[in-house]
Amino acid sequence: MINKPKNVISSTSDDKGRTTVIDLIDCQYRLYPLGRLDYDSTGLLLLSNDGELMQQLIHPKYEVDKTYEVTIDGLIKKEEITKLENGVKVDDYITGKAKINLIRQNTNKYTSFLTITIHEGKNREIRKMFQTLGYKVTRLHRIKEANLEIGDLKYGEYRRLKPYELVKLKKYLNRLDK
């Protein structure tokens, strides 16, 4: 598990020479990011050399929950949150159901702070969802994937999953596989 900083690629290499999450890891094993966070997003990213685990975490049929803290420019309305929760048209598809909690709004800075849980995670999906309603996402930070939370891991820090976390994660995935 790594807390991916901003301006880092969620990949094993980059043809443009940008820093990748693998560059931040000191590990003797060949690891692969399980899913992606875009260049401007931060937060929890899992890495593994376990192909079966990778397949279960990234394949859409498993509908693995991913929870993010989101900051947007603007004061979002309750009915707009409901619209996002039910799915909106993005590119050529309707987004899946989402769970959104409005944490607070700052009327002085004209911003809203929310959490959103989705399970698709298509390319820049959350940013595009809010964009359909005219809002710009200024911060997107993943705090949870499946049943694993980022906790107090600082940007750029990483750690191995604890044995009990791996067992808990596999139970979560096995439940979804039925």
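This is a predicted model: local features need pLDDT of at least 70, side-chain atom pairs count only at pLDDT 80 or more; totals for chains, interfaces and linings use all residues.

Colleague: What makes Glu165 and Arg159 a salt bridge?

Modeller: The term requires a side-chain nitrogen of Lys or Arg within 4 Å of a carboxyl oxygen of Asp or Glu. The closest N and O atoms of Glu165 and Arg159 are 2.7 Å apart, so the pair qualifies. Glu165 has a relative accessible area of 8% and is therefore buried.

Colleague: How many salt bridges does a search of the whole structure find?

Modeller: The search finds 7. One of them joins the side chains of Asp38 and Arg124, at 3.3 Å from N to O. Asp38 lies in the loop between β2 (32–34) and β3 (42–48), and Arg124 in the loop between β8 and α3, so the pair ties together parts that are 86 residues apart in sequence. Asp38 and Arg124 are also linked with Arg127 in a network of salt bridges.

Colleague: Which labels do Asp38 and Arg124 get for accessibility?

Modeller: Asp38 counts as buried at 17%, whereas Arg124, with 33%, is partly exposed.

Colleague: How do you know what is a helix or a strand?

Modeller: Both are DSSP runs, numbered from the N terminus: helices are H or I with at least four residues, strands are E with at least two. Helix α2 covers residues 78–86, and Glu80, Ile81 and Leu84 are buried in it.

Colleague: Why are those three said to be on the same side of α2?

Modeller: They cover an arc of only 105° around the axis, which puts them on the same side. The arc is that of the directions from the helix axis to the C-beta atoms. Lys78 and Glu79, on the other side of α2, are exposed. The buried residues of α2 pack against β7 (99–106), β8 (111–118) and α3 (125–132).

Colleague: What makes a group of residues a nonpolar core?

Modeller: The members are buried Ala, Val, Leu, Ile, Met, Phe, Trp, Tyr and Cys residues joined through side-chain atoms within 4.5 Å. The largest such core has 29 residues, and those with the most contacts inside it are Val70, Ile116 and Phe130. At least two residues of this core come from each of β3, β4, α2, β8, α3 and β9. Leaving aside neighbours within four places in sequence, Phe130 is in contact (heavy atoms within 4.5 Å) with residues including Val70, Leu84 and Ile116.

Colleague: Why is β3 called mostly covered?

Modeller: Of its 7 residues, 7 are buried.

Colleague: What makes β1 and β3 a pair?

Modeller: Two strands pair if DSSP finds at least two bridges between them. Strand β1 (residues 2–4) and β3 are joined by 3 bridges, so they pair, and they run antiparallel. β3 and β9 pair in the parallel sense over 2 bridges, and Thr42 stands opposite His141 in β9.

Methods
Residues are numbered from 1 along each chain as its sequence is written. Side-chain values use heavy atoms; hydrogens and water are left out. Buried means under 20% relative accessible area, exposed over 50%, partly exposed in between (1.4 Å probe, protein chains only).
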